[in-house]
Structure formats: structure tokens, C-alpha cells
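Hi,

Here is the structure I promised to pass on. Have a look at it first, and then read my notes below.

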Amino acid sequence: KWDSFMHAIQPIATRVPYMTAIGNHERDWPGTGSLDFVASGGECGIPTQSRFKVPNPSGIRDRDWYSIDQGSVHILIIDTEMPWHKGSLQYGFIESDLKNVNRSLTPWVVAAGHRPLYHGAFRNKEYGDLEELFYKHKVDICVWGHIHNAQATCPMYKSECKKPAMTGGYDAPVHVVIGNGGQSLGPFPKKKAAWSLFEGPYYGWHEFIAWNSTKLTFNMYRNINNALIYTFDIDREFPRKY
């Protein structure tokens, strides 16, 4: 299966940087320090970590959290399978990383990880420590996988949609789930959450474009004809007053 996957991503991975965020099916196994599930089938992250080297600050295996800068975007990758709560090594890294982003050089900040903070009509309260950091340090978008569909929220904090105090000001992170890349699609709840602006039970792919320091666009496409099914813009003032 690994050989098949590597062949499948070759057209993309040989042309652009292919950065990864480890998930439950790559890492989780009881008694190994990860979340206590059997989803990796005993792989414990080793095949993934051997194939996809990530620039984690310590270089130590099983610390697959890191950040990179791409143009005007600072991208923070979270390892949702290892401890992230306040007092953990990963929490310390995330807090320090977000605190030290230079918004003059990288005005846009995107956080990404496997297990979502929000999906369907559900908020994962265990992420409370991280959600506070995302809001405090004004993360623009949080990108998640794991749930096999596509979804986008309003800018929100603790399940409440937020509006900026002034035009171009900060409101809150928009949360997007992009787990619709190939695995069997999952259903949405019958009752739609007030904060859920788009729910897409389709296979597809996604992109975000930082046009400049003041405008970012996120696009969601269906695999069929690459049809655009949802898009949203984020507009911010520059220089950022935070």
C-alpha cells in the first residue's frame, strides 16, 4: 500500500514541496505515547517518518510538529496524535511559535493538523488550550483532515461566529475540513450548526491563495471537472496592528 501511495502522489510530490501532518492511521498504537487507539495497525509512525522528513525543531522522532514560511504565509503543523495540552512539549512549541511570528514578513498565519477542532456540528473541547492560542495570536485559518468530507465555518471562537471591530480587523480563525481526498465519504449531521457555512459531501481538492498582504482566498473544488464548489476571502489591513 505504501508503494501504491507513493506512486499516486508522484506527479505532485516531484513538482512542489510535499509537507505532511501525521494522523491516526500513521501513528496511533496503545502504549506508545500517542492517543490510545490501534489505527496505525502497529506501524507507530515509522513508515511515515522514514518517508516524509519534516523540519521538527528537535529532530527527535515522534515530535512531528513544526512550522515553515512560504511567501507571506506562516504555516504551523500540529501533531494531533501526541500530547498538545498546556504543559506538554508540543504546547510549548506552538505557543512560542505563534508568539514569535513576524507579521510584517508573514502577515498570514495558517495552522494545520489531522484531527479537527470543529467538524459537522461538533466542537472538540479537548482542544480548548490550543483554541485559546489560535485566537490570542490571531491565526487566520485552521485546516484539518480526519473527517471524510469538506466543510468550512464562519470565523469563530468557542462555537461563536465573530466579526471584526473595524474593516480589515481581526475576527477569529476560519476552520476548514479537507478530508475528502479519497477515502469513503462520511455523512453530516441532520441539524446544521449555525457556524457551519459550507458542507460538501464530495470528493475534491483545495487551495488557498495569498494574493498579497491584505487578501487571501480559499477555494474548494470537486474532483468532477474540477468544479469550484465553495470559496471565501479573508481581508485584513496591512501592516497588521497586532
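Let me start with Asp79, which touches Ile22, Asp62, Asp64, Trp65 and Gln90, leaving aside residues up to four places away in sequence; contact here means heavy atoms within 4.5 Å. Before I go on, some ground rules: this is a predicted model, where local features need pLDDT of at least 70 and side-chain atom pairs count only at pLDDT 80 or more, while totals for chains, interfaces and linings use all residues. Residues are numbered from 1 along each chain as its sequence is written, and side-chain values use heavy atoms, with hydrogens and water left out.

Back to Asp79. You will find Asp79 in the loop between S2 and H4. Helices (H or I, at least four residues) and strands (E, at least two) are DSSP runs, numbered from the N terminus. Is Asp79 buried or exposed? Asp79 has a relative accessible area of 0%, so it counts as buried. The cut-offs are under 20% relative accessible area for buried and over 50% for exposed, with partly exposed in between (1.4 Å probe, protein chains only). The side chain of Asp79 also reaches the backbone nitrogen of Glu81, at 3.0 Å. For polar contacts I took pairs of N or O atoms within 3.5 Å; within protein, one must be able to donate a hydrogen and the other to accept it, and residues adjacent in sequence count only if both atoms are side-chain atoms.

Ser88 sits in the loop between strand S2 (73–77) and helix H4 (89–99). With 17% relative accessibility, Ser88 counts as buried. A polar atom of its side chain lies 3.1 Å from the backbone nitrogen of Tyr91.

Next, have a look at strand S6 (residues 141–144). Both of its faces are covered: Ile141 and Val143 are buried on one side, Cys142 and Trp144 on the other. Which strands pair with S6? Strand S3 (residues 108–113) runs parallel to S6, with four bridges between them, and four bridges also join S6 to strand S9 (residues 174–178), again in parallel. Two strands pair if DSSP finds at least two bridges between them. Val110 stands opposite Ile141 in S6, and the bridge partner of Cys142 in S9 is His175.

Now the cysteines. The structure holds one disulfide, a disulfide being a pair of cysteine sulfur atoms within 2.5 Å. The disulfide joins Cys154 to Cys161, with S to S at 2.1 Å. The torsion about the S-S bond is about -85°, so this disulfide is left-handed. Cys161 is partly exposed at 42%, whereas Cys154 is buried at 6% relative accessibility. Cys142 is in no disulfide; the nearest cysteine sulfur, that of Cys154, is 12 Å away. Cys142 is buried too, at 0% relative accessibility.

Finally, the chain overall. The protein chain has five helices and 13 strands, and buried residues make up 48% of its 242 residues. Along its principal axes the C-alpha trace spans about 50 × 40 × 40 Å. Among contacts between residues at least 6 apart in sequence, 61% join residues at least 24 apart.

Enjoy browsing!
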